[in-house]
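Please look through the model shown below, and then follow the explanation that goes with it, from the way its parts meet to the space left inside.

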Amino acid sequence: MSHLFRGVRLINGVADAPLAEVDVFVEGERICSVLPHGTGGPVPEGVKVIDGSGKTLLPGLIDCHVHYTFDPAVADFSANMARSDLDVAASATTQARRALGAGVTSARSAGAQRNIDIWLRDAINVGQTPGPRLQAAGLAIGITGGHGHMFGIEADGEVEFVRAVRRQVRDGADVIKIIASEAAMLTTTGLRPGAAVFGRAEMCEAEVHAVVEHAHRLERRVLAHAQGSAAVINAARGGADSVEHAFLADEAAIECLAEHSATLVPTLVVTDVNRSMPGLSPVQRERQGLIERLHRASCERAIALGVTMATGTDTGEPGVTADLLWREIVLLHDHGASAMDAVKAATSNAAALLGMVDSVGTIEPGKLADLVLVSGDPMLDLATLAHPELVMQGGRVYRPERVSDE
Ligand SMILES: [Zn+2]
């Protein structure tokens, strides 16, 4: 089936301003031409024409940090981990469908219990279940007793970390997730009485470096969970491709990120969701307030310093559902990114981080037809991205038709 988006406002993921009145022709799974409206000659027979007047077409959105195998409705972490494989698989497919319906056409899974995201990726790839094109990390790798050790691989010292990387590649991982620091989220350690929220470094720089060197040899990129300054510096100096969260990173740590050209995936949605979490005690509220202030300072500084930003929601954290990527884009803008830079963080920047620039992230002839159509102009109101009128993945329309039952 071929499609023509006629007379649409175009945000192509490259230009700094939208292009008015464009015709985008999709043939099969790919974008065939992008031309000024009315210059492409007569519309061939059998082409489905989609009227784009008053609407904006964007590249499909990319969520660089998801855990579809965690149930965001289950607040207790151990209960989440104790769920059966069948239960996890069933809810993960629901999350993946929900993400696709929200315009997320590609995603990077940042860790899953029992490698179930690798199964999910394969199920999506063979068309068993709709969902974003998924890069799966499978088991996260961290130190013995470190953050997330209950569902990841425990490793200590460079040799064990390298072995863990090779094991994950053997078992089908597309990317390597490392845990470079303890948590700093209210919903994990922060809720336990007396628990720290400082995001202290867990892996040392040499361990990060060993992981990155061997992952890159095996053509896998590395994403590092890092919250506090020392951990962010270890991750950046160790060569991690992206640093996730950096909630508590100070100025020197953000400068180190910029210096080493690491991409930052700040997952602002998590802090935003936690802000309105019901039933917080005064102590928890105070702790959350501290995280909010530090996280804002960290992200604003990164944007001001020109650190490359990419969007990630941390879907699967309590309350963080798979359809909130639009919110991350709004929050990036709120932290100082221009509206267009915020959209690029979810499209071309994210595609570059995932090593997918040849196929997705921009609207150009030859790219896969992963597209989102919204009413109005996102440059005037980014919240229009919350309700896409149409989502196309590889030339197939998934919203409203195929996932409208969500
Ligand atoms: Zn995460």
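In this predicted model, 27 residues of domain 1 are in contact with 24 residues of domain 2. The two names refer to a division of the protein chain in which domain 1 takes in 2-59 together with 359-399, while domain 2 runs over 61-353. Taken over C-alpha atoms, the centres of domain 1 and domain 2 are 30 Å apart. Between them the two domains bury about 1900 Å², and 70% of this area is on carbon and sulfur atoms. On the side of domain 1, Leu382, Leu385 and Gln393 supply 27% of the area buried against domain 2, which is more than any other three residues provide.

If its neighbours within four places in sequence are left aside, Tyr68 is in contact with Ser91, Ala92, Gln95, Ala96, Ala99, Val104, Ala107, Leu120, Pro132, Leu134, Thr315 and Ala322.

What remains to be described is the empty space. Rolling a probe the size of a water molecule over the atoms shows where such space is left. The structure holds three cavities of 30 Å³ or more, and about 160 Å³ of space lies in the largest cavity. This largest cavity is lined by 17 residues, of which His67, Phe70, His147, Phe151 and Glu317 are the closest to its centre. Sorted by class, the lining of the largest cavity has seven nonpolar, seven polar and three charged residues.

Terms used
Residues numbered from 1 in each chain as written. Predicted model: local features only at pLDDT ≥ 70, side-chain atom pairs only at ≥ 80, totals over all residues. Heavy atoms only, no water. 1 Å grid on protein atoms, 1.4 Å probe; cavity = no way out; pocket = protein on both sides within 12 Å on 5 of 7 lines; lining within 4 Å. Points joined across faces, edges and corners; volume = space filled by probe spheres on them. Nonpolar A, V, L, I, M, F, W, Y, C, P; charged D, E, K, R; others polar. Contact = heavy atoms within 4.5 Å. Domains from an automatic or database assignment. Buried area = accessible area lost by both parts, 1.4 Å probe.
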